[in-house]
Amino acid sequence: MPKMGALIGFLLVLIALQSTPLNAELTKIQHLPKKEGNLAILVIGDFGRKGTYNQSEVATQMGVVGEKLNIDYVISTGDNFYEDGLTGVDDPAFYESFSGIYTADSIKTPWYLVLGNHDYRGDVLAQLNPVLQEKDKRFICMRSFILNSGIVDFFMVDTTPFQLDYWTNPGSSHYDWRDVAPRDTYLSNLLQELDEALKKSTAKWKFVVGHHTMRSVSDHGDTPELLQLLLPVLKVNQVDAYINGHDHCLQHISSNDSKLHYITSGGGSKAWRNVFKKNEDTVRFFYDGQGFMSLEVSETEANFVFYDAFGNVLYKWSTAKATDQLCPSF
């Protein structure tokens, strides 16, 4: 495991990168795996509830699995702090929902986080502020960026601004659109930057991570704006999987007209919505409860595993890059 002190150098670089202009390239971070050519990570989303709704139980099992796999880092699919993000950099929720919950040594690795819609309901700039890294060096959150791990590129995408209802019909919620508005310009630049970055990528595997669902059979269902605007970019660039949260469940859906797979890991705390909607694509797995996911990637294979709040393995699936054939197992 890389020493946390070794992160200080590139964390200082990130401070300057927070103000990257919209027309610039996406920020790129390199985090090479401890074992060359073999990456192991955990993926969690929709978790920040001060330990309630089984958040603490999920955190405990993440520590167990993280130690077993000797993970390199953790990815969050967003909604890091409920219900309304952080109030500022000194909000006690940062400790109560993050630092004081994920305490196992195995997950004291860097956490790379995207923002969710609930994060946007608070002080977004506080959650993006490098001051939080002084409180907990693990916490690395930006709007959109590239995480390079040699054989894998993760393209972390800020999906909340895509949702038109958040702009036009927010109800009683307030969304912090500082540094985002106007929406059309922001999305146009982001999509162009993402497309260019995907085309330049030489990684064996390409995964896109966002908060919102693209395909889902649970409560929120499909996100029309992502299907219209983001999906074409993923398909034309042969992305292997889109990984998201937002729906509080675990699921795997495969596209019927492309190689793309939709992976939901949004079971970090409150779950059990008791909703199942039909979907145009193929539903391979769906679990309505709390849990998280591990992902192990080599040159030739990617292995996805879903776990429940008690550490039980719910589902395993692997895909072979060399033959591009799928090998599901239960």
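Residues are numbered from 1 along each chain as its sequence is written. In this predicted model, local features need pLDDT of at least 70, side-chain atom pairs count only at pLDDT 80 or more, and totals for chains, interfaces and linings use all residues, while side-chain values use heavy atoms, with hydrogens and water left out.

**The second largest pocket**

Rolling a probe the size of a water molecule over the atoms shows where empty space is left. The second largest pocket has a volume of about 200 Å³. Of its 13 lining residues, Lys-35, Asn-38, Leu-39, Ala-40 and Glu-296 are the closest to its centre. Strand 2, strand 13 (291-298) and strand 14 (301-308) each give two or more residues to the lining. The lining divides into 4 nonpolar, 4 polar and 5 charged residues.

A pocket is an open set of points on a 1 Å grid over the protein atoms alone, where a 1.4 Å probe fits, with protein on both sides within 12 Å along at least five of seven lines; lining residues have an atom within 4 Å of a point. Grid points are joined across faces, edges and corners, and the volume is the space filled by probe spheres set on them. Asp, Glu, Lys and Arg count as charged; Ala, Val, Leu, Ile, Met, Phe, Trp, Tyr, Cys and Pro as nonpolar; the others, Gly among them, as polar.

Thr-52 sits in the loop between strand 2 (38-44) and helix 2 (55-69). Helices (H or I, at least four residues) and strands (E, at least two) are DSSP runs, numbered from the N terminus. Thr-52 and Leu-39 are 13 residues apart in sequence, and their C-alpha atoms are 31 Å apart in space. Thr-52 is partly exposed, because its relative accessible area is 38% (buried is under 20%, exposed over 50%, partly exposed in between; 1.4 Å probe, protein chains only). Its side chain reaches the backbone oxygen of Arg-49 at 2.7 Å.

Arg-183 belongs to helix 7 (residues 183-200). Arg-183 counts as buried because its relative accessibility is 15%. The side chain of Arg-183 reaches the backbone oxygen of Pro-161 at 2.9 Å.

**Helix 8**

Helix 8 (residues 224-236) has 13 residues. From first C-alpha to last it reaches 18 Å, close to the 18 Å expected at 1.5 Å a residue. Where does helix 8 kink? A kink of about 45° lies at Leu-230, shortly before Pro-232. The bend is the angle between axes fitted to the seven residues ending at a residue and the seven starting there. Leu-230 is among the buried residues of helix 8, as are Glu-225, Leu-226, Leu-231, Val-233 and Leu-234.

**Backbone features**

Most residues other than glycine have a negative phi, and most peptide bonds are trans. The table lists departures from this.

| Site | Feature | Value |
|---|---|---|
| Tyr-82 to Glu-83 | cis peptide bond | omega near -10° |
| Ala-181 to Pro-182 | cis peptide bond | omega near 5° |
| Gln-238 | positive phi | near 55° |
| His-246 | positive phi | about 75° |

Glu-83 is in the loop between strand 3 (73-76) and helix 3 (93-99). Pro-182 is in the loop between helix 6 (164-168) and helix 7.

Gln-238 lies in the loop between helix 8 and strand 9 (241-244). Is Gln-238 buried or partly exposed? Gln-238 is partly exposed, because its relative accessible area is 46%. His-246 lies in the loop between strand 9 and strand 10 (250-254). His-246 counts as buried, at 4% relative accessibility.

Technical notes. Polar contact = N/O pair within 3.5 Å; in protein donor to acceptor, adjacent residues only side chain to side chain. Expected span 1.5 Å × (residues − 1).
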